[in-house]
Amino acid sequence: MARTGPQKIPGASQSYFFGTGQYSGSAMEVNCGVVHTTEGMSLTSYSSGAVAPNVTGVPDIKNRKIRWYQHFDVDESARALMNRSGGVETNTANVFQIELVGTCDDSKTTSWSGKKAGVDYLHWPTAPDWALAEVAWLVRWLNANHGIPLTCVSNWLAYGKDSRRPGVTPASYGANPARMSMSAWRSFKGWCGHQHVPENDHGDPGSLNFARVIAIAKGGQTPATEEDDMDPVDVWAYKGKSEKHDAYSYLRGTNGAVRSLSKQVAGLTATVKTLADKLGDDVDTATVVAAVEKAITDAVVKVDVDITGVPNQES
């Protein structure tokens, strides 16, 4: 099967790429994604690629971003799922796999081996919005460049106690009620977790709020042909797909003032137009409004030219 679209993720480190070695995978066309958590605090070697996903996200908590490490091409099968004989295909079933460094274990919500959640590691079910926005960038890029739908399953069970599976802890582990049947998996498109894949028993990524990830990804999606009508933040977000996504994560995750400014621009423009209308024929309304819009746009868009203060993704 031919691979189409870009195969390297913008800004992702290729220093742990296994696709040209002993564990290179099969060609496919991805149409769904599976999310894992590593249950560790740092990037692992994945036994030199034997059990690697397509990409690993390592949280840089201090700088509020995720550093991505790519292990296989986008349209190349990874190896992070169990695939039993006599059942369905898992790793090779057109699935893109993400490992997120950190934990989904609810017993580690606040601390883990003397380390503090949100400072030394991320507990993904309670991850901050900046981290979800970073994942959303990749989800959105995969949608725009490979067509993985911006949808996800609704039932993400906790890796701990969960009222939807009373008496079983961790609720997401094993034969949980959220795990798909083989037929459901064969036709699945969109995003799910390791806990949803048949032939597997792992319960990660727990109750990760992936609906929030999808909502963030949808919030920035606008076709390139409509850039002229886009909010300035969305223009940078869209451009980031083909370059680096730093501007997207930075502006959405840490610079909400820019979006607030954009709303103020709209309000100010309307006010100026109303005032000009009241002044009558002595004032060229269109000229005044255009001048105000240009002045503000020049001030705002200038940020796009100088993003040297935004940390980059390369390692």
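Author: The largest pocket is lined by 22 residues, with T37, E99, H194, H202 and D204 nearest its centre. This is a predicted model, with local features needing pLDDT of at least 70 and side-chain atom pairs 80 or more, while totals for chains, interfaces and linings use all residues. Numbering starts from 1 along each chain as its sequence is written, and side-chain values use heavy atoms, without hydrogens and water.

Reader: What makes a residue part of the lining?

Author: A lining residue has an atom within 4 Å of a pocket point; such points, on a 1 Å grid over the protein atoms alone, form an open set with protein on both sides within 12 Å along at least five of seven lines.

Reader: Why is the pair Y16 and Y69 called edge-to-face?

Author: Rings of Phe, Tyr and Trp (its six-membered ring) pair if their centres lie within 6.5 Å; planes under 30 degrees apart are stacked, over 60 edge-to-face, the rest tilted. Y16 and Y69 have ring centres 6.0 Å apart and planes at 80°, so the pair is edge-to-face.

Reader: What makes W156 and F210 a stacked pair?

Author: Their centres are 5.4 Å apart, with 20° between the planes. Both W156 and F210 are buried. Together with W191, they form one aromatic cluster.

Key
On a 1 Å grid over the protein atoms alone, a cavity is a set of points where a 1.4 Å probe fits but cannot get out, and a pocket is an open set with protein on both sides within 12 Å along at least five of seven lines; lining residues have an atom within 4 Å of a point. Buried means under 20% relative accessible area, exposed over 50%, partly exposed in between (1.4 Å probe, protein chains only).
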